[in-house]
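Student: Hi! I have this model open and would like to talk it through with you. Could you help me find my way around?

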Amino acid sequence: MSERLKSEIAQKMSLDQVRYSQVWEDHLLLERGLELGPEDDVLSICSAGDNALAMLLCEPRSITAIDMNPAQTALLELKLAAIRKLSHADFVALLGVREGGDRRALYARIRGDLPDEVSAFWDDHIEDIEGGLVHKGRLERYIAAFNAEHLPELWSKELLARLFAEQTLEEQAALFDAEAATEAFEARFRWYFGREKMAEQGRDPAQFEHVDEGDVGGYFFRRFSWACRALPLSTNFYVEHFLSSRYRDLSLGPPYLRPENFERLRALSDRVRVHTGELEALLFEADEGHFSKANLSDIFEYMSESLAAQVFEALGSRLRVGGRIAYWNLLVPRSRPESLAHMLRPMRGLSEALFSEDRSWFYRAFHIEEVTR
């Protein structure tokens with residue numbers, strides 16, 4: 001791999017902890033935007049593995065989940081081992097999605113099926129398993145603290161229940177405006193999810209290096225308010241977990257947690273390869289054209305414009321012609337530069353239509369681009 005493609009953020013951020021124990025990117029945008037089929041070989045940013053498993057249910061030929069953080073790949077390896085060996089009830093208990101069961105004993109049942117480096121990692125982090133892994137990411141702990149320490153002062157349990165009840169969008173928006181979007185709630189939300197506090201406790205200062213947005217808390221509040229007005233909350237498990245740190249009905253939760261999907265995931269699990277390293281390196285290690293589709297999360301958020309352009313070029317030159325890449329912008333606008341118009345074609349109509357229904361409200365844009373070289 002050329003040194004010029006060396007990951008910038010990997011040199012600036014600690015990679016010794018689970019930063020995300022859940023994926024906060026809407027799996028439906030990936031499934032509809034990438035249009036996965038049986039001949040696809042998918043490259044996916046791993047994170048907590050939720051969307052790699054969601055895409056697996058579309059039955060592509062293979063999925064390679066990659067992350068430069070070994071804690072994140074260890075999390076997906078554990079989920080895969082548990083899917084292969086445990087019952088659904090034990091699986092969700094192990095992760096802390098549901099109470100019950102001895103999590104240390106459940107881990108012991110799958111430990112021997114984990115790669116040595118993965119079992120060594122979880123042996124050193126057994127307290128996270130005992131506390132419920134789905135709650136132990138750095139970001140998830142930060143959000144949970146808002147729910148426990150701040151939200152009860154601002155919203156009653158009764159109001160929260162009414163927001164998530166089945167109702168028309170007009171009724172939902174009116175309720176949010178009249179009772180939820182108070183001055184006190186907005187002020188607290190803007191402060192808690194502002195740049196300074198988020199960088200200190202929720203994310204990492206290095207993740208804000210390329211952010212020019214002056215009012216990060218205000219940006220997040222506007223996006224959150226849009227989701228509470230424009231999209232049905234009763235079926236939005238992203239907002240539900242953000243506000244309650246739980247899922248009421250697993251059949252409406254992330255696809256990998258749904259009881260009806262569990263046996264299919266078990267049967268398909270051998271199609272997943274987990275790789276710890278940098279995406280840029282893997283692109284050049286694999287044969288040209290090996291990967292046909294790619295879920296890139298919001299990786300360009302953490303790159304300079306020059307490095308982002310180089311990564312776009314690598315994707316355009318290495319992915320299969322006719323393939324697609326999908327990625328989000330959070331606080332940093334990044335997209336394929338015009339100099340690569342001969343390699344990557346933005347599918348703007350599709351991207352904008354999908355983004356208008358994005359249930360994970362954090363992001364400012366969603367992109368689908370087709371490989372055309």
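Student: Which residue does Ala65 stand opposite in S3?
Tutor: Ala65 stands opposite Val274 in S3. Keep in mind that this is a predicted model.

Student: Thanks! How many bridges join S2 to S3, and do they run parallel or antiparallel?
Tutor: Strand S2, residues 62–67, is joined to S3 by 5 bridges, and the two run parallel.

Student: What is the strand order of the open sheet?
Tutor: The order is S3-S2-S1-S4-S5-S7-S6, which makes an open sheet of 7 strands with mixed pairing. Its edge strands are S3 (272–276) and S6 (344–346), each of which pairs on one side only. On average, neighbouring strands of this sheet are turned by 20 degrees against each other, ignoring direction.

Student: And which strands does helix H1 touch as it packs on the sheet?
Tutor: Helix H1, residues 27–34, touches S4 (293–295), S5 (324–329) and S7 (365–371). The direction of H1 makes about 150 degrees with that of S5. Helix H19, residues 348–355, packs on the sheet too, touching S5, S6 and S7. For H19, the angle of about 150 degrees is with the direction of S7.

Student: S5 keeps coming up. How many of its residues are buried?
Tutor: 6 of the 6 residues of S5 are buried, so this strand is largely enclosed by the rest of the structure.

Student: Which S5 residues point one way and which the other?
Tutor: Arg324, Ala326 and Trp328 point one way from S5, while Ile325, Tyr327 and Asn329 point the other way. In a regular strand, side chains alternate between the two faces of the sheet.

Student: In what sense does S5 pair with S4, and over how many bridges?
Tutor: S4 and S5 pair in the parallel sense, over 3 bridges. Ala294 stands opposite Ile325 in S5. To get from S4 to S5, the chain crosses through helix H18 (residues 305–318), and this β-α-β crossover is right-handed.

Student: What about S5 and S7, parallel or antiparallel?
Tutor: Those two pair in the antiparallel sense, over 6 bridges. Asn329 has Ala365 in S7 as its bridge partner.

Student: Changing topic: how many cavities of 30 Å³ or more does the structure hold?
Tutor: There are 5 cavities of 30 Å³ or more.

Student: Which residues line the second largest cavity?
Tutor: Among them are Trp24, His27, Asp50, Asn51, Phe237, Tyr238 and His241. Helices H2 (50–56) and H15 (237–244) are the elements that give two or more residues to this lining. H15 gives the most, with 3 residues.

Student: How much space lies in the largest pocket?
Tutor: About 360 Å³. It is lined by 15 residues, and the closest to its centre are Lys157, Leu160, Leu243, Ser244 and Arg246. H8 (138–149), H9 (151–154), H10 (157–163) and H15 each supply at least two residues of the pocket lining.

Student: One last thing, about Glu153: is this residue buried or exposed?
Tutor: Glu153 lies in helix H9. This residue is exposed because its relative accessible area is 56%, and exposed means over 50%.

Student: How far apart are the C-alpha atoms of Glu153 and Ala184?
Tutor: They are separated by 9.5 Å, with the two residues 31 residues apart along the chain.

Technical notes: Residues are numbered from 1 along each chain as its sequence is written. This is a predicted model: local features need pLDDT of at least 70, side-chain atom pairs count only at pLDDT 80 or more; totals for chains, interfaces and linings use all residues. Side-chain values use heavy atoms; hydrogens and water are left out. Two strands pair if DSSP finds at least two bridges between them. Helices (H or I, at least four residues) and strands (E, at least two) are DSSP runs, numbered from the N terminus. Axes are lines fitted to C-alpha atoms, for helices over the stretch in contact, and angles run from 0 to 180 degrees between N-to-C directions. Contact means heavy atoms within 4.5 Å. Buried means under 20% relative accessible area, exposed over 50%, partly exposed in between (1.4 Å probe, protein chains only). A crossover is right-handed if, with the strands pointing away from the viewer, the path from the first strand over the helix to the second runs clockwise. On a 1 Å grid over the protein atoms alone, a cavity is a set of points where a 1.4 Å probe fits but cannot get out, and a pocket is an open set with protein on both sides within 12 Å along at least five of seven lines; lining residues have an atom within 4 Å of a point. Grid points are joined across faces, edges and corners, and a volume is the space filled by probe spheres set on the points.
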